[in-house]
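Subject: Model handover

Hello,

Here is the structure you were waiting for. My notes follow below it.

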Amino acid sequence: MEKLKIVGGDLLQGSVRISGAKNSAVALIPAAILANSPVVIEGLPNISDVHVLGQLIEEIGGAFHFDENEVVIDPSHIVSMPLPNGKVKKLRASYYLMGAMLGRFKKAVIGLPGGCHLGPRPIDQHIKGFEALGAKVTNEQGAIYLRAEELRGARIYLDVVSVGATINIMLAAVLAKGRTIIENAAKEPEIIDVATLLTNMGARIKGAGTDVIRIDGVEQLHGCRHSIIPDRIEAGTYMIIGAAMGKEMIIDNVIPQHLEAVIAKMREMGVVVETSDDQIFVATKEHLRAVDIKTLVYPGFPTDLQQPFTSLLTKASGTSIVTDTIYSARFKHIDELRRMNANVKVEGRSAIITGPSRLQGAKVRATDLRAGAALVVAGLMAEGITEITGLEHIDRGYSNLVDKLANLGATIWREQMTEQEIEQLKNT
Ligand SMILES: CC(=O)N[C@H]1[C@@H](OP(=O)(O)OP(=O)(O)OC[C@H]2O[C@@H](n3ccc(=O)[nH]c3=O)[C@H](O)[C@@H]2O)O[C@H](CO)[C@@H](O)[C@@H]1O
Ligand SMILES: C=C(OP(=O)(O)O)C(=O)O
């Protein structure tokens, strides 16, 4: 087991290349199993969520060859094998195997997913969608059993705007008979990316990226080549790092339109942000202003950047209020930031940050993926050494984090934990 060590205070300079989007990747891989021949995806990120999904594809008889440039998924020999336990619990997005397996085999058994603990994360809207398409769905001892004689298109209104439910219903509907209409659909860029792959595989989908998506079922889908979109959350994390510690930082391979809400907030704080076609330039300023943030569905401020942004706000003068309207308990990083001398407290669904604070290095623990990102940002800003444990969370979503930051001039490395440290961690 490893920990991450950061000596804070270095000003960062240079360019960082953003990897493929985690939240696209984890849907594109299950989408590929709907094809009858190999699918090639360029630019998948080198993160554990991708590797775990690859292992799941192999477990059910598919082939998955990972390479930093492209991944080949051959779904020709996949069988409808139950996956009630095991690796499905390691990530959230294993729930996409429900829609994809149901779509291909008209039956599936998939254990309830894992992923970050951010408060309740029900999947009732996914199930409502599968049932509307004609599936019988039951929950037996923590696994979802899905079975249909045939899937028929339906009109489905989502009671909650959900990324996962929107994509999962698309996956189940592309091979269904007739037309499916998803109303109140989520509009995230990752949904468009998945629709683009499915369309290249032969699916008929209109409206992805708007709140009404129309899918006309087809008989079969074939393999194709697809290039993934860049990760707007990874890009946003490096923008935050640039806003905190950047002398002159260029975020490369990014779609600036995907980050408009974040760019606007940074400019409101006084951060220097300039955009071009596929790059964003960010530099810190000595005096940053406090701002309030409310997370919203896309194109609003993304909840996945709320936690690292909180770390940045410890540097701003005044009081900032960060409210998460998507998740009720996405504040596990706050106690750790307090250990680092941040003046932060949680009231209900809001974090209240009073700055500026001089952060101090400390031993802290990442309890979820973006809590980990928040601690990396804080560690880069702090005086002295910060030690971060819980790297398995960070590894779910950040490709080559240490190399990317070291190339920008950060003093950061991974180190084996001693047996005593591992024991201590287990007991906390
Ligand atoms: C793998 C992946 O893509 N993860 C992202 C996805 O998660 P995920 O797809 O799980 O998030 P959703 O968009 O579904 O969830 C949004 C909100 O709706 C609620 N809800 C969702 C589904 C449902 O059936 N019932 C219900 O009540 C959730 O509890 C949450 O409060 O979108 C989130 C919101 O942008 C991001 O934080 C995650 O990074
Ligand atoms: C919440 C996240 O991921 P997941 O939905 O995969 O747990 C995230 O990427 O911030």
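Is Lys22 buried or exposed? Lys22 is buried, because 26 other C-beta atoms lie within 10 Å. (Buried means 20 or more other C-beta atoms within 10 Å of a residue's own, exposed means 12 or fewer, and partly exposed is in between; C-beta atoms are placed from the backbone.)

First, the ground rules. This is a predicted model: local features need pLDDT of at least 70, side-chain atom pairs count only at pLDDT 80 or more, and totals for chains, interfaces and linings use all residues. Residues are numbered from 1 along each chain as its sequence is written, while chains are lettered from A and ligands numbered from 1 in the order in which they are written.

**The annotated pair**

UniProt, in an unreviewed entry, places a "binding site" at Lys22 and Asn23. Such positions use the numbering here, feature names are shortened, and annotations may be inferred rather than shown by experiment. Lys22 sits in helix α1 (residues 22–32). Beyond its neighbours within four places in sequence, Lys22 contacts Pro45, Ile47, Asp49, Asp231 and Gly397. (Contact means C-beta atoms, placed from the backbone, within 7 Å.)

**Ligand 1**

The shell around ligand 1 has 21 residues, and the closest are Asn23, Gln125, Ser162, Val163 and Gly164. (A residue is near if its C-beta atom, placed from the backbone, lies within 6 Å.) Helices α1, α4 and α5 each give at least two residues to this shell. At least three come from each of domain 1 (2–19 + 230–426) and domain 2 (22–227). Domain bounds come from an automatic or database assignment.

**The two domains**

The C-alpha centres of domain 1 and domain 2 are 30 Å apart. Their contact takes 18 residues from domain 1 and 16 residues from domain 2.

**Helix α4**

Which residues of α4 (residues 124–132) are buried? They are Gln125, His126, Gly129, Phe130 and Ala132. These residues lie on the same side of α4, because they cover an arc of only 160° around the axis. (The arc is that of the directions from the helix axis to the C-beta atoms.) The buried residues of α4 pack against α3 (96–105), β7 (136–140), β8 (143–147), β9 (155–157) and α5 (163–173). Just after α4, Gly134 has a positive phi of about 110°.

Best wishes

Methods:
Helix = DSSP H or I, 4+ residues; strand = E, 2+ residues; numbered from the N terminus. Contact = placed C-beta atoms within 7 Å.
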